[in-house]
Amino acid sequence: MNRKKRLEPIRKKGIALLLVSCFLFPCAAAQTERAALIPLPRELSWKNEAFDISRAAAVYISSDSLEPLLAQFLPAGLKQLPVKKTVPGRLADRSVYIALENVQEPACPEEGYRLTVSAANILLKANTLHGIFNGLQTLVQLLKGNKIAGCDVSDYPAFSWRGYMVDVGRNFQSVDQLKQQIDMMARYKMNVFHFHLTEHAAWRLQVKRYPQLTSAAHMTRDKGRFYTVEAIKELITYCRQRFITLVPEIDMPGHSDAFTRATGYNMQTPEGLEIVKNILREVGTEYDVPYIHIGADEVAITNKQFVPQVEALLDSLGKKVIAWNPGESKNPQTIQHLWKAEDQHYKTDTGGRYIDSRFLYISDMDPENAVVTIFNRKFFEKDRGDQRLLGAEFCLWSDRRVTHQDDLLRYNAVYPSLLAFAERSWKGGGYDGYNFFIGAAGSERATAFKAFEQRLLVHKQKYFSLLPFQYVKQTQIRWKLLGPFPNSGNLEQSFWPEERPDSIQQVRGISATGGTVWLWHTHFPVTAAWLPHPQEYTTWYASTRFRSPVSGTFDFWIDTKDQSKSGADATPPKGSWDYNKSRIWINGQLITPPAFKFAGRKSGLLEDPLVDEMYYIRPPHKITVSKGWNTVLVKLPVDAFDPLKDWQVPPKLMFTVIPLEGAQQLNRNAVPWVFDPDAD
């Protein structure tokens with residue numbers, strides 16, 4: 001909410017309400033003067049002044065190479081200014097101005113920049129054009145109306161490789177939708193676009209020598225949809241203009257059924273390998289890209305010469321090779337792309353180079369916890385990268401077919417995840433391990449995430465109002481976890497919290513925070529959630545109370561599971577939230593589970609698009625709320641922690657209960673709901 005709208009009711013109701021508002025929102029005035037920057041710069045200090053765009057006379061640049069950046073990437077209001085070429089430090093004209101300068105300062109790293117904003121001028125300096133570009137992205141975020149907040153910024157990234165991977169082999173995306181995502185990558189200073197082009201379902205990369213590869217007859221999804229040579233070149237150029245490196249992936253020798261259907265050969269046969277080499281020769285000469293990703297995982301290697309010969313060929317073409325790990329053994333020069341948590345050998349490998357994507361597959365995450373988990377990550381368990389530990393990528397896989405291409409963005413929470421990843425990969429730091437929880441209230445971790453969430457929600461409103469952005473505020477929601485209650489495998493057995501809910505306030509329990517709460521994660525003990533010592537065949541309860549200033553019916557996100565988009569998770573049975581017999585009460589009333597369109601669906605799931613299985617893609621629950629205190633109770637039974645018991649029903653011990661934005665701050669005086677599990 002902008003300042004003018006927030007203060008309007010105060011002006012009408014007088015000074016008394018003004019004092020009340022100041023009590024409720026003590027930092028509001030200060031926050032409106034300071035931009036919510038993502039990623040947060042390494043060094044940032046604010047000034048009590050601002051640059052007024054309307055007073056600016058000119059933009060000065062130190063070299064012609066800066067001019068292409070001005071028309072496309074200068075903040076609105078500055079693009080119309082005359083451009084003058086001179087050295088900013090020797091200006092005779094002392095009018096209000098903007099100056100961009102290439103400098104040679106050893107203290108300013110490759111992508112780093114220095115930005116100074118005062119009432120008199122804006123000075124942006126960097127060693128490289130990429131640094132100037134990054135500084136311009138910060139400058140855009142600093143803009144509010146006609147003013148740019150005064151500040152001093154010294155900034156550079158913790159990791160040199162900050163990537164986003166898109167799988168278009170399984171689900172095709174148009175060039176326009178890809179450009180939309182690339183634009184957001186650039187805005188948040190990400191620099192690698194990993195383009196996964198081939199899969200079992202389809203080969204999406206045009207190869208002039210083998211036109212049958214992209215024939216609709218050899219595709220099982222999005223038949224006939226592929227990227228022409230011209231389209232790939234267009235995307236490479238589009239990325240390069242935004243200082244992003246496009247990395248094409250041609251998956252080999254696995255994930256290659258489409259290749260086999262089109263050519264009649266398995267890649268590992270002599271004939272298949274020769275075709276692969278011809279493809280790589282064409283790709284290597286046709287496209288100006290420094291890296292080729294070859295996949296090379298999740299396949300039985302029958303031809304031990306396949307990967308070495310591919311690596312040698314790409315090396316002769318001047319291409320650097322990247323491959324997934326774990327996978328087939330690689331040449332020491334091949335960059336290894338980590339994807340499994342147990343893959344730890346990089347710690348003892350002193351010569352290899354690595355990219356980290358462990359627990360960065362957003363197709364396996366819900367929106368609320370995707371942001372939390374990515375924000376918590378410490379890539380390689382290091383605060384910053386080096387020449388070996390290059391950086392990280394978050395990945396958009398979707399084994400499940402989608403109905404519309406933009407479903408990929410909605411179902412996988414791409415943009416909230418992108419902002420969390422951009423913050424962490426630029427700033428570095430984070431927390432050891434894989435953490436699916438916000439952190440104890442008042443802890444350093446929880447405080448840091450709450451501050452990031454505030455900036456995230458500002459960006460949601462400012463830049464994503466017309467795009468899918470499924471994250472809502474959750475740090476204000478506190479819970480009390482009660483258990484474990486042994487259930488001996490009887491998931492319907494009841495215990496005292498549901499039989500005597502009035503007694504809950506007298507019991508301490510385990511404190512938890514968030515709208516989505518994971519008590520136990522499927523990959524425990526590698527992953528950490530709210531329960532330090534989870535037990536099988538137990539039942540847990542989660543309780544909270546919230547105070548609303550008004551009564552009414554409001555929208556809630558409610559669920560007791562997370563539907564994977566990579567796996568073939570079954571739809572819950574009719575009349576149930578999940579397969580664990582979970583239940584939810586609000587104000588003592590049992591909440592009816594969704595009427596799933598395909599309740600109990602298990603067969604053929606990867607080809608069946610999701611329609612209402614996740615809380616964030618179906619209509620929200622309408623919940624009647626009373627003025628004053630309201631109660632929430634969630635029952636979460638579980639039997640065995642055994643994902644192989646039924647591979648389509650992986651055990652999960654989690655839940656989501658979140659009032660949407662309209663309910664969180666809904667009344668005329670903008671008083672938010674208060675969550676306190678121990679309130680009277």
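**Stop 1: H13 against H14**

Select Pro 416, Leu 419, Ala 420 and Glu 423 in H13; they meet Phe 452, Arg 455, Leu 456 and His 459 in H14. Contact means heavy atoms within 4.5 Å. By class, this contact of H13 with H14 has 5 nonpolar, 1 polar and 2 charged residues. Ala, Val, Leu, Ile, Met, Phe, Trp, Tyr, Cys and Pro count as nonpolar, Asp, Glu, Lys and Arg as charged, and the others, Gly among them, as polar.

Before moving on, two notes on the source. This is a predicted model, with residues numbered from 1 along each chain as its sequence is written. Local features need pLDDT of at least 70, side-chain atom pairs count only at pLDDT 80 or more, totals for chains, interfaces and linings use all residues, and side-chain values use heavy atoms, with hydrogens and water left out.

Now show both helices whole. Helices (H or I, at least four residues) and strands (E, at least two) are DSSP runs, numbered from the N terminus. H13 and helix H14 (residues 444-463) pack at an angle of about 130°, and their axes are 11 Å apart. Axes are lines fitted to C-alpha atoms, for helices over the stretch in contact; angles run from 0 to 180 degrees between N-to-C directions. H13 and H14 are therefore oblique to each other. Angles under 35 degrees count as roughly parallel, over 145 as roughly antiparallel, 65 to 115 as roughly perpendicular and the rest as oblique. The crossing of H13 and H14 is right-handed: a crossing is right-handed if the near helix is turned clockwise from the far one by less than a right angle, and left-handed if anticlockwise.

**Stop 2: the barrel**

Select S9 to S16. In the order S9-S10-S11-S12-S13-S14-S15-S16, 8 strands close into a barrel, with parallel pairing. From one strand to the next, the twist averages 30°. Two strands pair if DSSP finds at least two bridges between them. Zoom in on strand S12 (residues 291-295) and strand S13 (residues 320-325): 3 bridges join them. Here Ile 292 stands opposite Val 321 in S13.

**Stop 3: H6 against H7**

Select helix H6 (residues 175-187) and helix H7 (residues 229-241). Their axes come within 11 Å and cross at roughly 15°. H6 and H7 are therefore roughly parallel to each other. Their crossing is right-handed. Show side chains: Val 175, Leu 178, Lys 179, Ile 182 and Asp 183 in H6 meet Ala 231, Glu 234, Leu 235, Tyr 238 and Cys 239 in H7. By class, the contact of H6 with H7 has 7 nonpolar, no polar and 3 charged residues.

**Stop 4: strand S4**

Is strand S4 mostly covered or exposed? Select residues 97-102: S4 is mostly covered, with 5 of its 6 residues buried (under 20% relative accessible area; exposed is over 50%, partly exposed in between; 1.4 Å probe, protein chains only). Strand S2 (residues 58-61) runs parallel to S4, joined by 4 bridges. Ala 58 stands opposite Tyr 97 in S4. Strand S6 (residues 121-126) also runs parallel to S4, with 6 bridges. Asn 102 has Ala 126 in S6 as its bridge partner.

**Stop 5: Gln 589**

Finish at strand S25 (residues 589-590), where Gln 589 is found. At 55% relative accessibility, Gln 589 counts as exposed. Draw a C-alpha to C-alpha distance from Gln 589 to Ser 65: they are 66 Å apart in space and 524 residues apart in sequence.
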